[in-house]
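The sequence and structure come first.

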Amino acid sequence: QVQLVESGGGLVPPGGSLRLSCAASGSIASINRMGWFRQAQGEQRELVARIRLNGSTTYADSVKGRFAISGDTAENKLTLKMVTLQMTNLKIEDTAVYYCHAGGIQRPDGLWRPLDVWGQGTLVTVSS
């Protein structure tokens, strides 16, 4: 099974910066998209930013111009293996648990199967 390990997060004052990283490991997989979602208390989980294997990116309107997503691919260029979210000019409303997500296909038992996996989440708190 593919697993995602997240790092980063923490407490930062308004206007500050943080970087979140997420690395994939485990069974053979072709990850064609990785991204970050967030869930504030009492709210639904929402897409923050996503990057695809071809390098295309998607951002939520609320973070455009402040957040930047980047991804690393394997040497064979057939799968993403890591994604980083650089967050700048953080606002109080960015406070949430941030979750890494990966999608594509994997081969845990010799057969190719859909891949849809989440990280455990990391808390980002923006507060003075």
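## Basis of the model

Strand E1 and strand E3 (residues 18-25) pair in the antiparallel sense over five bridges. Strands are DSSP runs of E with at least two residues, helices are runs of H or I with at least four, and both are numbered from the N terminus. Two strands count as paired if DSSP finds at least two bridges between them.

The model is predicted, with local features requiring pLDDT of at least 70 and side-chain atom pairs counted only at pLDDT 80 or more, while totals for chains, interfaces and linings use all residues. Residues are numbered from 1 along each chain as its sequence is written, and side-chain values use heavy atoms, leaving out hydrogens and water.

## Strands and sheet

The protein has 11 strands and zero helices. Along the sequence the pattern reads β-β-β-β-β-β-β-β-β-β-β.

Four of the strands make an open sheet with antiparallel pairing, in the order E1-E3-E8-E7. Strand E1 (3-7) and strand E7 (67-73) are at the edges with a single partner strand each, so one side of each has no neighbour in the sheet. From one strand to the next the twist averages 15°; axes here are lines fitted to C-alpha atoms (for helices, over the stretch in contact), and angles between N-to-C directions run from 0 to 180 degrees.

## Dimensions and surface

The C-alpha trace spans about 50 × 25 × 20 Å along its principal axes.

Of the 128 residues, 39% are buried. Buried means under 20% relative accessible area, exposed means over 50%, and partly exposed lies in between (1.4 Å probe, protein chains only). The protein exposes about 6900 Å², of which carbon and sulfur atoms supply 48%; areas come from the Shrake-Rupley method with a 1.4 Å probe, and for residues only the protein chains shown count as cover. Among contacts (heavy atoms within 4.5 Å) between residues at least 6 apart in sequence, 58% join residues at least 24 apart.

## Salt bridges

Side chains of opposite charge can pair when their charged atoms come close. With a salt bridge defined as a side-chain nitrogen of Lys or Arg within 4 Å of a carboxyl oxygen of Asp or Glu, the count is five. Arg38, Glu46, Arg66 and Asp94 are linked in a network of them.

Arginine 38 is buried, at 5% relative accessible area. Its side chain meets that of glutamate 46 at 2.8 Å, N to O; glutamate 46 is partly exposed at 37%. Aspartate 94 also forms a salt bridge with arginine 38, with the closest N and O atoms 2.9 Å apart. That pair links distant parts of the chain, 56 residues apart: aspartate 94 is in the loop between strand E8 (80-87) and strand E9 (96-107), and arginine 38 is in strand E4 (residues 28-39). Aspartate 94 is buried, with a relative accessible area of 0%.

Another salt bridge joins aspartate 109 and arginine 113, with the closest N and O atoms 2.7 Å apart. Aspartate 109 is partly exposed at 45%, and arginine 113 is partly exposed at 35%.
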